[in-house]
Protein chains: 2
Amino acid sequence: MSVPVGNLLAGLPSGTLPDEIFTTLTEAAASSGTVRIERILSTGQASPDGFWYDQDWDEFVLVVQGAARLQLEGEAERALGPGDWVMIPARQRHRVAWTDPTAPTVWLAVHIGEKQPPETPGQGENA
Amino acid sequence: MSVPVGNLLAGLPSGTLPDEIFTTLTEAAASSGTVRIERILSTGQASPDGFWYDQDWDEFVLVVQGAARLQLEGEAERALGPGDWVMIPARQRHRVAWTDPTAPTVWLAVHIGEKQPPETPGQGENA
């Protein structure tokens, strides 16, 4: 049986990329929506000023490698390093305030109950 | 707003533990069952000889740190290291053939659509 496999740390760039790279690793159907597991690769990117992700599904994020700062609306920025995870509930507005520009930051994101394509800066209604 | 947070690499033991430690990080309801995100800490443990996990839900596993060998029924063992992930479909029998006895192995597991308490060696019907 062939099952989906991969390595989150494979093929990392040596320099800075123009944009973040979002890669869906796998999806499973759930009757409430899908569970979509994604790798996010950041090389210094951050959410645009004033942009907030505002999702109607829960998102679990884990920093596998690197360094970032995540801001939940109404809170100070949280510094995240390897192993740090945050469960972001639906409707909790949040943004990526900073990612390390000197080395790749690799995130694992689990989108739980997503009902629509991912919202990205420049496309979302809050952009 | 207080959200669930943690660090997968915090509080790792310096030696070998008698058993693996399974820690549920967070759960979200889905009408098809729950999505349960778990840290598994291994320090040399493996599934008992002849034991197979046989789950009726999909499980995504990621090795965050350490080294392990995962066997899917009918296949050779797969060596897993940091960043390696495998999406194990429901009903794909599998077992942990080996984990590094010299340093902690930290897994992230996402159980998708789990309908019953986790099956563990010694408690499952296949034990």
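Figure 1. On the side of chain A that touches chain B, at least two residues each come from strand E1 (5-7), strand E2 (21-30), strand E3 (33-42), strand E4 (58-65), strand E7 (84-88) and strand E9 (105-114) of chain A. Strands (E, at least two residues) and helices (H or I, at least four residues) are DSSP runs, numbered from the N terminus. The residues of this side of chain A comprise 23 nonpolar, 7 polar and 4 charged, where Ala, Val, Leu, Ile, Met, Phe, Trp, Tyr, Cys and Pro count as nonpolar, Asp, Glu, Lys and Arg as charged, and the others, Gly among them, as polar. The contact, meaning heavy atoms within 4.5 Å, draws 34 residues from chain A and 34 residues from chain B.
This is a predicted model, in which local features need pLDDT of at least 70 and side-chain atom pairs count only at pLDDT 80 or more, whereas totals for chains, interfaces and linings use all residues. Residues are numbered from 1 along each chain as its sequence is written, chains are lettered from A and ligands numbered from 1 in the order in which they are written, and side-chain values use heavy atoms, with hydrogens and water left out.

**Figure 2. Polar contacts and strand pairing between chain A and chain B.** Between the two chains, 10 residue pairs are in polar contact, with both residues at pLDDT 80 or more. A polar contact is a pair of N or O atoms within 3.5 Å; within protein, one must be able to donate a hydrogen and the other to accept it, and residues adjacent in sequence count only if both atoms are side-chain atoms. Across this interface there are 0 salt bridges, a salt bridge being a side-chain nitrogen of Lys or Arg within 4 Å of a carboxyl oxygen of Asp or Glu. E1(A) pairs with strand E7 (residues 84-88) of chain B in the antiparallel sense over 3 bridges; two strands pair if DSSP finds at least two bridges between them. Within this pairing, Gly6(A) has Trp85(B) of E7(B) as its bridge partner.

**Figure 3. The open sheet E6-E5-E8 of chain B.** The sheet has 3 strands with antiparallel pairing. Its edge strands, E6 (77-80) and E8 (94-99) of chain B, each pair on one side only. From one strand to the next the twist averages 25°, with axes as lines fitted to C-alpha atoms, for helices over the stretch in contact, and angles running from 0 to 180 degrees between N-to-C directions. Strand E5 (residues 68-72) of chain B is joined to E6(B) by 4 bridges. In E6(B), Glu77(B) stands opposite Gln71(B), and Ala79(B) is the bridge partner of Arg69(B). E5(B) and E6(B) form a hairpin with 4 residues between them, and Gly74(B) in the turn has a positive phi of about 90°.

**Figure 4. The open sheet E6-E5-E8 of chain A.** Here 3 strands pair in the antiparallel sense. Strand E6 (78-80) and strand E8 (94-99) of chain A stand at the edges with a single partner strand each, so one side of each is left without a neighbour in the sheet. The twist averages 30° from one strand to the next. Between strand E5 (residues 68-72) of chain A and E6(A) there are 3 bridges, and Leu70(A) stands opposite Arg78(A) in E6(A).

**Figure 5. Arg91(B) and its salt bridge to Asp54(B).** The side chains of Arg91(B) and Asp54(B) meet at 3.0 Å, N to O. This pair links distant parts of the chain, 37 residues apart: Arg91(B) lies in the loop between E7 and E8 of chain B, and Asp54(B) in the loop between strand E3 (33-42) and strand E4 (58-65) of chain B. Phi of Arg91(B) is near 75°, a positive value in a residue other than glycine.
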